[in-house]
Structures are given as C-alpha cells and as structure tokens.
Amino acid sequence: QSDKAAYIMAATDQVFTFKDLEEGSNQLAHLFRAAGLKRGDHIAILLENHPLFLQICVAAQRSGLYFTAISYRLQTDEVEYIVNDCNARIFVTSKDRQGVVERLLGKLPVLDRAYMLDGVIAGFDSLEEALEEQPITPISDESIGTSMLYSSGTTGRPKGVLRELPEGLWGEDDPSEMFRLLYGAADDSTYLSPAPLYHAAPLNFTLAFMLGGMTCVIMEHFEAEQALKTIEQYKVSHSQWVPTMFVRMLKLDPSVRLKYDCSSLTCAIHAAAPCPVPVKEQMIDWWGPIIFEYYAGSEGNGFVAITSQEWLAHKGSVGRGLTAVMHICDDD
C-alpha cells in the first residue's frame, strides 16, 4: 500500500502516500526521542491545516505521546495557558502563526523545544532542518499515544481531556473499526475533512480513516463550492460536516450547487451543533438518505447516533445511545 495516497491537500492537490506518512512520522518520532520525550509526555501543535499536521500527530501516536492540537483562532494568552497547562515539552507551529506565537516567547517555561515550519523567527528552530538528520525507520520503543484536546464547553478556562494511554503495540489494531461498522467504511473509501484539524472530530475521524488504510482529502479552508468540486474530483465516499456548512452549500445558486456530481457519496456525517430540521430535510432531499448524525463529547462520555431513515421518522432527534446511558430530565 506504500504508493497509495494517505492524504491529499485539496487546495494544492499535493499527495502524501502511505510511504511518505510512514517515513515522515518516523523521522518526527526520532526527533521526539532525541529531545528526551518518553511515553506519556506531551507535545502541543498550533497549526493551520498544514501538510505536515497529520504526520506530526501520527508521530506522537506511534511514540506513546499525548498531542494537544490548539485552535489557530485563539489569542496569545489563550495559547499560553493551554501549552503550559498540558505540560507540553515540544511546541510546533508555523510562520503563518507568527503574529500569535512571537508574543509567547519567554512565557512557556514548560517547553524544551519550539519548532516552526515554513520559516523561523527568533526563539524557534526550523522543524524541516531538524528532521533532515533523522532516520526514516521506526523508533525501537514504539507504543500507542493519543490526543489530549481541550474542551471549552464549560465556564472558565478550557479543560484538557486526559485519558489513559492505550495499551498494546503500535499498528496492532484497526482504528477505523467503528467507522466500518457504523458508516460502511471500506479499504477503498475516500474521506473528506472540510473542517479545521484542531477540532476533536475532524482530527480523530481523519486519523482513524487514514490509519485504517483509507485515503483522506483535507481542505485547508472550507468553501462551499470548493467542497462540492472536491467531492466530484476525488470521488469522495465519506465526509463529515457541521450544520453551518450544509447551510452555506444550500445557499449556493442552484446552477452552481447542482453542477457537481456528488453521487460517489455514500455517507455524510454531521455533528458539533444542532441541525435545523428544514436544513436536514433539504440535505436528505439533495444527497439522499446518506446523512448520519451523532452527538458526543470530547470527554468520551457517550456516543449517540441516528441514520437518515430513523431521523425522518423522528425529526429533530439525535438518535439512540450506543455507548451512553440516557437520562431524561425535567425542566429543573
């Protein structure tokens, strides 16, 4: 499978094969070990949907590390809080984030190293240069790491969702198993991620599809017509959206909206916010009964899912609890 596309950057059509992913994530894993990071340590990532974003996450996963992806929309003090709170020893960002990160210098005492992509400013080392001398073979002590993302669905500061590190050997399990069971994902599926990768669902779904051997297409930024063009161009079979994206695609002039062939889509998943009933009705009319909704939390406190057919019989529902015990409460 080494020549198969692991992920494609939609705006540039840049293809990264599974060989690229393997070698690049191995080099990063060696860099983490050379910096002294061991199983259970943390790294933090502040990046746009960058071509190396996924490689950095996979490298952390195969090194037994926690990786915290941070919203590139946050301001300096918010980024400072998260990096320090998660005890990140390595921080990776890009020249594109210069306006935020240059004001962080001297405010991140937890860090051992700070790396920058696509150029450097004072206080940051070039990640590309640091990787040049690293081997493309696996590190000798691979284990399984996981994301530690921050949930802001609370009052006060965001809370880091810290889970136990998975046991077992790297590469032993198929992380896409749930998506194969729930959404009919298969080895030849192509998954479209139109959202920022720092979000829990886009990041975890994309990693699961990709590490399950499927090709992922990453949009650098969501744009309604470009999303439809990308579905047609790459014959996308699976995708994940938020309701706002549905609204923006539905608002396109029909002559634009209907000129793209979306017939390859067998599964369009949505979550993250309530979807207005009329919007979902229009999406099912347009794409067919392939719209799947779920409701869940970054904390891993339950997963609720519903198909189009179930939703049409119970409009407004988010489905049955698959890994959750439902509690029906009164107004108080």
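I take a disulfide to be a pair of cysteine sulfur atoms within 2.5 Å. A disulfide is a covalent bond between the sulfur atoms of two cysteines.

Ground rules. This is a predicted model, where local features need pLDDT of at least 70, side-chain atom pairs count only at pLDDT 80 or more, and totals for chains, interfaces and linings use all residues. Residues are numbered from 1 along each chain as its sequence is written, and side-chain values use heavy atoms, with hydrogens and water left out.

Cysteines. How many disulfides does the rule give? I count zero. For C267, the closest cysteine sulfur is in C216, 13 Å away, so it is too far for a bond. I then looked up C262. The closest cysteine sulfur to that of C262 is in C267, 14 Å off and too far for a bond. C262 is buried too, with a relative accessible area of 12%.

I turned to strands β1 (residues 5-9) and β2 (residues 14-17), which pair in the antiparallel sense over four bridges. Strands are DSSP runs of E, at least two residues; helices are runs of H or I, at least four. Pairing takes at least two DSSP bridges. I8 stands opposite V15 in β2. Four residues lie between the strands of this hairpin, and D13 in the turn has a positive phi of about 60°.

Q27. I found Q27 in helix α1 (residues 18-34). Is Q27 buried or exposed? Its relative accessibility is 18%, so Q27 counts as buried. Its side chain reaches the backbone oxygen of L131 at 3.1 Å. Beyond neighbours within four places in sequence, Q27 has contacts (heavy atoms within 4.5 Å) that include L131, E132 and P135.

Note on methods:
Buried < 20%, exposed > 50% of the residue type's maximum accessible area, 1.4 Å probe, protein only. Polar contact = N/O pair within 3.5 Å; in protein donor to acceptor, adjacent residues only side chain to side chain.
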